[in-house]
Amino acid sequence: MESGRLAEAFLPSGTNIQALRESSERDIREAHYDHHLPNSVRHGGNIPAIWAYANGTDTRLLGLSWSDEVQLILTTVESGVKTVRDLKHRRFGIPKWANVQIDFTRAQALRGLENALKLEGMSVSDVDLVDYPYGGTYSDEQMRHVHGAQVSFGVNRIQQRNNELIGLLRGDIDAIFLKGAHAVHLAAEFGLHVVIDTGSHPDPMIRSNNGTPRTLTVDRHLLDHHFDAAKIIVDCVLRSEQWAWANPEKTRQFLARELNTSEYWWPPPTAKMPIGACAPCSMNSRFWRYRISPISCTAGSSSHGVSMCVTGLISAYWKVCWGRLQGCPSSHISRSLAGGYRPFFRL
């Protein structure tokens, strides 16, 4: 979207394209998480997408992108925690947003912890969870792009702090979960010990989390009444992927600016990935065509209940995907859309 390809593709129809999180209206920004806005398109983590459908939002999935990224369990050297087994009965910091509809940050931290512990035959109940509260919501601050970087002009800097990281550095807790390029940067900046990177594990079920896979979803109204728009969206995504593979250095620069990080943390896909390194999202994405049965669930009332429900669905969800899609050419979905076949399943 930031490259202008999507806006250019919709120019002949007179359709205006705007990022939801850059809207001046909070209700529209919130649509990125609950998908309530008619004719909206969302590409992002799968936890909000699954949660939205489970709560009755009539959405459809256009495709999945699998983008491996680092998922780190971090401790301080002084904590004495060296391996996953050392986490037993230790204090693990978990974010807890009080006012959000779906606390995906808590869910992804629990999922990362759960995946790490299961490798040693342990479960989340074997560690002591310590909640780190956050006020407000994810949609309170309007986002803007400045020199290619996504930033907030809000004044609530306290809300944007990582409270778990502060607790870890103070010695109040023993370990935390962080992901992506920022996680690697912070680990290096503060000399933190990487207990494990589940994002580099060979088993895709261990790597599965909020961002693996990411979902490209639309609301039902757009699909039924503006099907040509859905075709344009998928076509733009596939063409962007081809551009990224053909222009790895430019893609690294673009992604580093987008996330306001150094290019150092974004090695090219052909390089040997050091622990904690992230592969550019666009370079490792594949969009697939397939049919599976609709997935639904009843979200629990507590944050922990919701996250366990969601992560369980992701596991079942990915087992089906991995079994049916390995080796399937991404161009199939483009040809299917062009031919009028609608290969969508419900989340």
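A residue is called buried when its relative accessible area is under 20%, exposed when that area is over 50%, and partly exposed in between (1.4 Å probe, protein chains only). This is a predicted model, in which local features need pLDDT of at least 70, side-chain atom pairs count only at pLDDT 80 or more, and totals for chains, interfaces and linings use all residues. Residues are numbered from 1 along each chain as its sequence is written, and side-chain values use heavy atoms, with hydrogens and water left out.

Select Leu 169 to begin. Leu 169 lies in helix α5; helices are DSSP runs of H or I with at least four residues, strands are runs of E with at least two, and both are numbered from the N terminus. With a relative accessibility of 41%, Leu 169 counts as partly exposed. Its contacts (heavy atoms within 4.5 Å), leaving aside neighbours within four places in sequence, are with Phe 190 and Leu 192. Next, select Thr 75: its C-alpha atom is 8.8 Å from that of Leu 169, although 94 residues separate the two along the chain.

Now select the whole of α5, residues 163–170. Its buried residues are Asn 163, Glu 164, Leu 165, Gly 167 and Leu 168. Among the elements that cover them are β3 (71–75), β5 (128–134) and α6 (180–189). Just after α5, Gly 171 has a positive phi of about 90°.

Move on to α10, residues 248–258. Here Thr 251, Arg 252, Leu 255, Ala 256 and Glu 258 are buried. They lie on the same side of α10 because they cover an arc of only 160° around the axis, taken from the directions from the helix axis to the C-beta atoms. Finally, select Asn 260, which follows α10 and has a positive phi, near 55°.
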